[in-house]
Amino acid sequence: MKILIVEDEKPIANLIDLNLRSSGYQCTCVYDGIEAADLIEHNTYDLILLDIMLPGADGYELLDQIRPTGTPVIFITAKDSLLDRVKGLRAGADDYLAKPFEIIELIARVESVLRRSGRMEERYEIGDVVVVPKSMQVTKGGVPVDLTHKEYELLLMFVRNRNIALFRDAIYERVWGTEYDGDSRTVDLHVQRLRKKLGWQSRLVAIYKVGYRLEDPS
């Protein structure tokens, strides 16, 4: 999946680039609207992450250029009022993410837009483990793995955010759907079960006082 990141704040663009590459995407960063317009004219992308306030040409002008190509767009901007969000979506953006944002949310939105646009069939291969969310199928070495619903949701969160450190509270709130109460045992016990069932003792690593990270060098 090829993603164009159009963001004039270089630290933010580089942070997005680093994390999306860690998740397996091929990224190109550009920091002004004129250069972005040139790249869009001469290249094909699966998704464009687009700031609104840019030097040279703003995000709305670029969106007018992008729409005929059918390339999905996620606006990423500090303009976070309801009217701004409605304006962006009505202008043709596929999603709208206000700064500041968590990387885990950005990646989830990227995957959601790619799936909706039909550009990505979700399938994750980590070593000999294969996860196919559409069919909720998990295999290890070609053999189906029996997981509980929560174990499966936890696994899906890890594979969709591989190589990214996930905080315990974020894991708990996403998988269990309630506010984290400070009891880490629920998350820890489910992680231990996943490690055992998938043989991920060295791949699913604990990060001291933070949470966990699924390491996938490939």
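Helices (H or I, at least four residues) and strands (E, at least two) are taken here as DSSP runs, numbered from the N terminus. The model is a predicted one, in which local features need pLDDT of at least 70 and side-chain atom pairs count only at pLDDT 80 or more, while totals for chains, interfaces and linings use all residues. Residues are numbered from 1 along each chain as its sequence is written, and side-chain values use heavy atoms, with hydrogens and water left out.

Now for the overall picture. The chain holds eight helices and twelve strands. Its radius of gyration is 19 Å, close to the 17 Å that the globule rule gives for 218 residues, so the chain is as compact as a globular protein of that length. That radius is taken over C-alpha atoms, and the rule is 2.2 Å times the number of residues to the power 0.38. Along the principal axes, the C-alpha atoms fill a box of roughly 55 × 40 × 25 Å.

Of the 218 residues, 46% are buried (buried means under 20% relative accessible area, exposed over 50%, and partly exposed in between, with a 1.4 Å probe and protein chains only). Taking contact to mean heavy atoms within 4.5 Å, residues 24 or more positions apart account for 55% of the contacts with a separation of 6 or more.

Next come the strands. Two strands count as paired if DSSP finds at least two bridges between them. Strand S3 (residues 47-50) has partners in both S1 and S4: four bridges join it in parallel to strand S1 (residues 2-6), and three bridges, also in the parallel sense, link it to strand S4 (residues 73-77). Leu49 of S3 features in both pairings, standing opposite Ile5 and having Ile74 of S4 as a bridge partner. In a regular strand the side chains alternate between the two faces of the sheet. In S3, Leu47 and Leu49 point one way and Ile48 and Leu50 the other, and all are buried.

Elsewhere, four strands form an open sheet in the order S6-S7-S8-S9, with antiparallel pairing. Its edges are strand S6 (124-126) and strand S9 (143-144), each of which pairs on one side only. S8 and S9 are joined by two bridges in the antiparallel sense, and Lys140 stands opposite Val143 in S9.

A few loop residues deserve a look too. Back at Met136, phi is near 55°, a positive value in a residue other than glycine. At 52% relative accessibility, Met136 counts as exposed. Asn163 likewise has a positive phi, near 70°, without being a glycine; its place is in the loop between helix H6 (149-160) and strand S10 (166-167). Asn163 is partly exposed, with a relative accessible area of 28%.

A cis peptide bond runs from Lys99 to Pro100, with omega near -5°. Pro100 sits in the loop between strand S5 (95-98) and helix H5 (103-116). Finally, Thr178 lies in the loop between helix H7 (168-176) and helix H8 (185-198), and is partly exposed at 42% relative accessible area. Neighbours within four places in sequence aside, Thr178 is in contact with Tyr172 and Glu173.
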